[in-house]
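The structure is shown first, and the description follows.

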Amino acid sequence: MNAKKMKKVSLLIILALTVGLFAGCGGGGNSAGPVKDDGSVVLRIPFNAEPSSLDPGYGNSSDSICPRGMMYEGLVRIYDNKIEPAMAESWKVSKDGLTYTFKLRDSKWSDGEPVTAYDFEYGIKRLLDPSDEAPNGNYAWMGYYFKNGQEFNEGKVSADEVGVKALDDKTLQITAVKNMPYFLDLMKMPCFYPVRKDVAEEYGKDYAAAPDKVVCNGPFVLKEWEHESKLVFEKNPNYWNADNINVDGVEAYIISEQETVMNMFDNGELDITNTIEKEYIDKYKEKEEAVYIEGATVWYNIINVKTDRGEISKLLRNKNFRQAVSYALDRNAIVDAARGDGSFAISRMCPDMLSVSDTTLGEKYPLDPYPAKGDTDKAKTLFEKALKETGISADKLPKLTLLTFDDSTAKTTAEIIQNVMSTTFGLEVTIDTQTYSARVEKENKGDYDFCITNWAPDYNDPMTFLECYESNNSYNTYFGGYSNDKYDQLIKFCNTTNDMKARADKLFEAEKMLADEMVGVPLFQTSGYWGKKTYVSGISKCGFGANDPDLARVHYDGDK
């Protein structure tokens, strides 16, 4: 869900790619397009980093989402931000919203064996299995959405008591712990892909570690894996929708340097790119090679109201001060300086695009509580009230620490906030720049006053943002440590009611409460452009999660 520091490519790989640029070899294909000398069509794409694992049980890395989405397919797909049938051709939901019964289509594994409901049951229970023989990836908690999933993972009940059961080869029944309108959206997650028991148990923890140690049910099969260099995939002829894929394979090059990616794209050695940096957007728009995607990741300035930080905590825990901070910020200026790539200012807690009830959050409940350009006068008035309420003297202001991480967007945002706090309120702010992982560790411990962070939704529903502020949520300290009984009751109601209209109203009430409390100060919503050659079509990028390309319907349309 959050941005991840990319690995560095080895010097050998950089040199190899550089030679490719001048030689025009295109990784063994035609430098002007994906057609190789033998007439086969192989799409060339970049990966930011080496996949941590291709085992669905290890759902702990955004770098692994794209390759797993190529090799496997779950019950549903998210294509153009919409849920579509995948391995499940249909499903029924019980009246209480707790039980889903999926009917699987006729499909095969890459070795010709049929994909069955038992493969889904095994894969999910393997994810939750607490034994040493199981994958033990850090996404086991995703299985807590299923009845007795957490209890099995904690060793309190047997696997037979988990609410995931194959009724026959083509029927899978899943019972959830609560009514979740976003349940189907969750089913797209790689950790819920099917796993063949005989293959997984033959290779144990080495399952999917090499092409000969995995079977696939998705659009492509893994043929080569040159670690820290590239992965080669071939079209899976046994994929149920293989007729809609008219490329013969995919070569994925591991390249951490954005400049290298764009050079290879310009030279016809890559057919798509990752994010296009802001200074190059106009260039690729003119060539009709820039594709806009509205993302749903929101960046925040989190204010720590839980941990005792000494004198500064008097201000941090004062609502007028937190609102003053929000009014003081020119969000437009922040997003222009830190991004400039199509991202935009936001002052509500959740993206407008999220689904709620039978429409979107923005359409049903418009909300813009703080001006995008800020209001300095309002900010100063609220700050003066905060000083009176806390008894802090304007000439003896406590110092404040702003935690951030070594990312250009994060560092620029922190520097702007530092300057605003100084010029508007006279506060001295020290920026504490950490690596991404070190920042996460400090944030989870509450070792910060302010913290620049971001959140990418795991599913298409406001709850993925709002539940983080619930008192007992595992991310509560990460999001400021806010605790309010009324807010907790709102979240509980939304997690248990079957009345979707009432649920939508209460979600909005919870969001308005957070907007008033301003523990998490929303800054901007990331969106942007990615590159795609005009001769390629059928590639979808979802606005949620890691924005990895979905290649389930990729087409090569010939050179254009």
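A salt bridge here is a side-chain nitrogen of Lys or Arg within 4 Å of a carboxyl oxygen of Asp or Glu. The model is a predicted one. By this rule it has 31 salt bridges.

**Salt bridges**

Lysine 319 and aspartate 516 form one of these, with their closest N and O atoms 2.8 Å apart. Lysine 319 belongs to helix H10 (residues 319–328) and aspartate 516 to helix H18 (residues 500–517), so the pair ties together parts that are 197 residues apart in sequence. Lysine 319 counts as partly exposed because its relative accessibility is 33%. For aspartate 516 the value is 33%, and this residue too counts as partly exposed.

Helix H18 also holds arginine 503, whose side chain meets that of aspartate 461 in a salt bridge of 3.0 Å, N to O. Aspartate 461 sits in the loop between strand S19 (450–455) and helix H16 (463–466), and the pair, 42 residues apart, links distant parts of the chain. Are these two partners buried or exposed? Aspartate 461 is buried, with a relative accessible area of 3%, and arginine 503 counts as buried at 3% relative accessibility.

Another salt bridge joins glutamate 509 to lysine 506, the closest N and O atoms being 3.5 Å apart. Both residues lie in helix H18, three residues apart, which is about one turn of the helix. Glutamate 509 is partly exposed at a relative accessible area of 26%, and lysine 506 is partly exposed at 30%. Elsewhere, salt bridges that share partners join Arg309, Asp432, Lys442, Asp447 and Asp449 into one network.

| Salt bridge | Closest N to O distance |
|---|---|
| Lysine 319 – aspartate 516 | 2.8 Å |
| Glutamate 509 – lysine 506 | 3.5 Å |

**Cysteines**

How many disulfides does a search of the whole structure find? The search finds zero. Cysteine 216 is in no disulfide, and its nearest cysteine sulfur, that of cysteine 66, is 13 Å away. A disulfide would need the two sulfur atoms within 2.5 Å. Cysteine 216 is buried, with a relative accessible area of 2%. Cysteine 542 is likewise in no disulfide; its nearest cysteine sulfur is that of cysteine 66, at 13 Å. Cysteine 542 is buried, with a relative accessible area of 10%.

**The sheet**

Six strands make up an open sheet of mixed pairing, in the order S14-S20-S13-S19-S17-S18. At its edges stand strand S14 (344–345) and strand S18 (429–434); each has a single partner strand, so one side of each is left without a neighbour in the sheet. S14 pairs with S20 in the antiparallel sense over two bridges, and phenylalanine 344 stands opposite glutamine 525 in S20. Helix H11 (residues 331–338) packs on the sheet and touches S14 and S20, its direction making about 55° with that of S20.

**Serine 527**

Serine 527 is located in the loop between strand S20 (520–525) and strand S21 (528–532). Why does serine 527 count as buried? Its relative accessibility is 6%, and buried means under 20%. Leaving aside neighbours within four places in sequence, serine 527 is in contact with Tyr292, Ile293, Glu294, Gly295, Arg339, Asp341, Gly342, Ser343 and Phe344. Phenylalanine 344, one of these contacts, is the residue that stands opposite glutamine 525 in S20.

Definitions and conventions. Residues numbered from 1 in each chain as written. Predicted model: local features only at pLDDT ≥ 70, side-chain atom pairs only at ≥ 80, totals over all residues. Heavy atoms only, no water. Helix = DSSP H or I, 4+ residues; strand = E, 2+ residues; numbered from the N terminus. Buried < 20%, exposed > 50% of the residue type's maximum accessible area, 1.4 Å probe, protein only. Contact = heavy atoms within 4.5 Å. Pairing = 2+ DSSP bridges. Axes fitted to C-alpha atoms, helices over the stretch in contact; angles between N-to-C directions.
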